[in-house]
Amino acid sequence: MKRTIFITALLWFASCVSEGFAQGGRGFWHQEWTVENGDSIATVHILPVYKYSRPVDLRRYQKLVRAVKKVYPIARTAREEMRAMEDELCRLPTKAEQRRYVKGVEERIKNEYTPVLKKMTSYEGKILVKLIDRETEYTAYEIVKDFRGGFVAGFWQGIARLFGQNLKTGYDKTGEDKMIEQIIIYYELGWI
């Protein structure tokens, strides 16, 4: 008798869970029913499953996850800011107006992001430089060089090198930065 009640409860729980997944929750599949010629046909849409190798050191992986979760929104904001800035620079007719606009944007960004960047660790800064390259398709050095000039870019590259950073660091999603790409995919899916 106890065995029958247990099995019934287990089946009921499984059906409740599968209904939750099927109704568009964070599950791995979604089920729809269609009727053709009087027959009910179930259509199951399976979400893609990304397979990556397991991290060797769980503590380092968790540190990377925390860093990506902290700086990825900033990199996405940088992408949007850069798009808006490029559109505005194309609209402005003279070099003087463009320089004034760039100075104003630089001042606004300094005021807005200096407190945030001061609270970052060096490790998070390295991740941010890589993610800026991923989002904008330009390295941080190229961005500074395009908007402020080669001398200013060289100056900031020198300062970055003094602190163990490199503004010319690119993003390689299939090589060195494969784990970061995995974390970003999981972050965008809402799994972490």
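These legends go with several close-up views of one predicted protein model.

Some ground rules: as this is a predicted model, local features need pLDDT of at least 70 and side-chain atom pairs count only at pLDDT 80 or more, while totals for chains, interfaces and linings use all residues. Residues are numbered from 1 along each chain as its sequence is written, and side-chain values use heavy atoms, with hydrogens and water left out.

**View 1. The whole chain, before zooming in.**
The protein chain has seven helices and two strands; helices (H or I, at least four residues) and strands (E, at least two) are DSSP runs, numbered from the N terminus. Going along the sequence, the order is α-β-β-α-α-α-α-α-α. Of the 192 residues, 26% are buried. Here buried means under 20% relative accessible area, exposed means over 50%, and partly exposed is in between, using a 1.4 Å probe and protein chains only. As for contacts (heavy atoms within 4.5 Å), 60% of those with a separation of 6 or more join residues 24 or more positions apart.

**View 2. Helix H4 meets helix H7.**
H4 (residues 122-136) packs against H7 (residues 178-189) at an angle of about 70°, and their axes are 12 Å apart. Axes are lines fitted to C-alpha atoms, for helices over the stretch in contact, and angles run from 0 to 180 degrees between N-to-C directions. That makes H4 roughly perpendicular to H7, a label that covers 65 to 115 degrees, with under 35 called roughly parallel, over 145 roughly antiparallel and the rest oblique. H4 brings Ile127, Lys130, Leu131 and Arg134 to the contact, and H7 brings Ile180, Glu181 and Ile184. By type, the residues of this contact are four nonpolar, no polar and three charged.

**View 3. Inside the largest nonpolar core.**
A nonpolar core is a set of buried Ala, Val, Leu, Ile, Met, Phe, Trp, Tyr and Cys residues joined through side-chain atoms within 4.5 Å. The largest one has 27 residues, and those touching the most other members are Val68, Ile127, Leu128, Leu131, Phe147, Ile180 and Ile184. Helices H2 (58-91), H3 (95-118), H4, H5 (140-148) and H7 each supply at least two residues of this core. H2 gives the most, with twelve residues. Take Ile180: setting aside neighbours within four places in sequence, Ile180 is in contact with Leu64, Val68, Ile127, Lys130, Leu131 and Tyr171. There is also a second, separate core of six residues, including Val129, Ala140, Tyr141 and Ala153. In soluble globular proteins, nonpolar side chains tend to be buried together.

**View 4. Ile74 on helix H2.**
Ile74 sits in helix H2 and is buried, with a relative accessible area of 17%. Beyond residues within four places in sequence, Ile74 is in contact with Val116, Met120 and Leu128. Ile74 and Ile132 are 58 residues apart in sequence, with 8.5 Å from C-alpha to C-alpha.

Asp177 is in the loop between helix H6 (150-162) and H7, and it counts as buried because its relative accessibility is 2%. Leaving out residues up to four places away in sequence, Gln157 touches Tyr141, Asn166, Leu167 and Lys168.

Thr94 is in the loop between H2 and H3 and counts as partly exposed at 37% relative accessibility. The side chain of Thr94 reaches the backbone nitrogen of Glu97 at 3.3 Å. Lys119, in the loop between H3 and H4, is exposed at 68% relative accessible area. Lys119 touches Lys70 and Glu124, with residues up to four places away in sequence not counted. Glu137 is in the loop between H4 and H5 and counts as exposed at 67% relative accessibility. Phi of Glu137 is near 65°, a positive value in a residue other than glycine. Most residues other than glycine have a negative phi.

Terms used. Ala, Val, Leu, Ile, Met, Phe, Trp, Tyr, Cys and Pro count as nonpolar, Asp, Glu, Lys and Arg as charged, and the others, Gly among them, as polar. A polar contact is a pair of N or O atoms within 3.5 Å; within protein, one must be able to donate a hydrogen and the other to accept it, and residues adjacent in sequence count only if both atoms are side-chain atoms.
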